[in-house]
Amino acid sequence: MIQAKCIEKFRDKTGKIYGYKLTDLNNQTQDVKPENLKEAIRNKQIHVINLRLTSDNRLVDTNEKQLQNIEILGGAPKKVENGIKYDKKKRPYDAESYEEFISRLEIFLEKYLNLTEDMKFKTIIEKRYDEDKSFKAKCSHTGNFYYKNKIAYLELDIIIDKINNSGHFSLEIKETNGSILPLYGKSYALCIVNMKSDFIQMLKVAEDISHNLKSNINLK
């Protein structure tokens, strides 16, 4: 059975729903007609975690099942010492927008790397869409530090293309006044339609870069 989630409903001028946008566990999306979706649900060919087919053949919203049942799954494992430790109240993953995620991520990286006030991230470029002033792009740098005996800085870049549902995120260690090519870096192509999935992948990039940097950084 296909496991999917409804991420958008298409409505006409009267407010009537004429279609749904679904995403699966592999972040593949598909637009479907209501009648086709109802038939697939009825035949147990697909399970949509936030939609339910009623006895009178209506699709209605339903609460998503959350991983919060301690009786079934038990308590959380202890964080490994060399990992990034997150404040549960301010974890990047719990952000409600890309802009909020980046802001939280910068703070956690600063704490994990023990950056002093003058070495924390500073915004170099920030862009917003003209029509609604929503977040479009950002580039920020840390202050200088020594990385493998070279003076370097950490650069964060993110671009959000909401028109084409695409984007780009990267974290790179670059040599100050050196080559434009990074000394070490990772990037990820954003899919936009599944924000939480993007958050997970961006955190993986941050984990990789921060662990590499932690092993080779000299702040003096």
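User: Is Lys162 partly exposed or buried, and at what relative accessibility?
Analyst: Buried means under 20% relative accessible area and exposed over 50%, with partly exposed in between (1.4 Å probe, protein chains only). Lys162 therefore counts as partly exposed, its relative accessibility being 31%.

User: Before we go on, what sort of model is this?
Analyst: Residues are numbered from 1 along each chain as its sequence is written, and side-chain values use heavy atoms, leaving out hydrogens and water. Local features need pLDDT of at least 70, side-chain atom pairs count only at pLDDT 80 or more, totals for chains, interfaces and linings use all residues, and the model itself is predicted.

User: Which residue meets Lys162 in a salt bridge?
Analyst: A salt bridge here needs a side-chain nitrogen of Lys or Arg within 4 Å of a carboxyl oxygen of Asp or Glu. For Lys162 the N to O distance is 3.4 Å, and the partner is Glu131.

User: How many residues apart in sequence are the parts that this pair ties together?
Analyst: Strands are DSSP runs of E, at least two residues, and helices are runs of H or I, at least four, numbered from the N terminus. Glu131 lies in the loop between strand 7 (122-128) and strand 8 (135-141), and Lys162 in the loop between strand 10 (150-161) and strand 11 (166-175), so the parts tied together are 31 residues apart.

User: Which ring does the charged end of Lys162 sit over?
Analyst: The rule asks for NZ of Lys or CZ of Arg within 6 Å of the ring centre and within 35 degrees of the ring normal. The charged end of Lys162 is 4.4 Å from the centre, and the ring belongs to Tyr129.

User: What is the geometry of the Tyr98 and Phe199 pair?
Analyst: Rings of Phe, Tyr and Trp (its six-membered ring) pair if their centres lie within 6.5 Å; planes under 30 degrees apart are stacked, over 60 edge-to-face, and the rest tilted. By this rule there are three aromatic pairs. With centres 5.6 Å apart and planes at 80°, Tyr98 and Phe199 are therefore edge-to-face.
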